[in-house]
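Here are a few notes to read alongside the model. They start with the sheet and then turn to the charged pairs.

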Amino acid sequence: MPPVRVAYLIGRLDRALRKHIGDAVRPLGLTMQQYTALSVLAKRSPLSNAQLADKSLVSPQAANEMVKVMEQKGLVEREPDPNHGRIILINLTQEGRRILAECDQATLALEDCMMEDMSHSQRLSFQHHLKASLKALGAGLIEAD
């Protein structure tokens, strides 16, 4: 029997993580996409809607709707770009940072569960290989390498 394709394993892992992260952040009033957007904003604020959409892996239309909901919840705020009259910049609020910190705790627990059989050096190696794979495919990261 041939080995299982890496792309298949990563796809399965992606779907499982999305489900479990969604389940973890739902009690905090967020969707998986909103959690992703808050994480992006925490690293790269302020961003335009188009930039947030690109970094969050959603369409600009979906990002716009998501930002409206998050703004109503007090998680983000929008303000005009002082350098460009037509661009609106999106920033994380204190409440957004608070909720994000709670979501991050839940996500870290999920990561610990997922990698519980790995040593510290294996976890670092796993992360290194994932980053290298993303880089090879031109799918940049939010954080600095």
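1. A word on terms before the sheet: two strands pair if DSSP finds at least two bridges between them. Helices (H or I, at least four residues) and strands (E, at least two) are DSSP runs, numbered from the N terminus. Keep in mind that this is a predicted model, where local features need pLDDT of at least 70, side-chain atom pairs count only at pLDDT 80 or more, and totals for chains, interfaces and linings use all residues. Residues are numbered from 1 along each chain as its sequence is written, and side-chain values use heavy atoms, with hydrogens and water left out.

2. Now the sheet itself. It is open and has three strands, in the order β1-β3-β2, with antiparallel pairing. β1 (47-48) and β2 (76-81) are at the edges with a single partner strand each, so one side of each has no neighbour in the sheet.

3. What sits against this sheet? Helix α2 (residues 32-44) packs on it and touches β1, β2 and β3; contact here means heavy atoms within 4.5 Å. The direction of α2 makes about 105° with that of β3 (axes are lines fitted to C-alpha atoms, for helices over the stretch in contact, and angles run from 0 to 180 degrees between N-to-C directions).

4. Back to the strands for a moment: β1 and β3 (residues 84-92) run antiparallel and are joined by two bridges. Serine 48 has leucine 89 in β3 as its bridge partner.

5. On to the charges. Taking a salt bridge as a side-chain nitrogen of Lys or Arg within 4 Å of a carboxyl oxygen of Asp or Glu, the count is eight. Lys19, Asp23 and Arg26 are linked in a network of them.

6. Which residue does lysine 68 pair with? Its salt-bridge partner is glutamate 65, with the closest N and O atoms 3.5 Å apart. Lysine 68 is partly exposed at 35% relative accessible area (buried means under 20%, exposed over 50%, partly exposed in between, with a 1.4 Å probe and protein chains only).

7. Helix α5 (residues 94-114) holds a pair four residues apart, glutamate 102 and arginine 98. Their side chains form a salt bridge at 2.4 Å, N to O. Glutamate 102 is partly exposed at 31%, and so is arginine 98 at 40%.

8. One more link: arginine 123 and aspartate 112 meet in a salt bridge (3.1 Å, N to O). This pair connects distant parts of the chain, with arginine 123 in helix α6 (residues 120-136) and aspartate 112 in helix α5, 11 residues apart.
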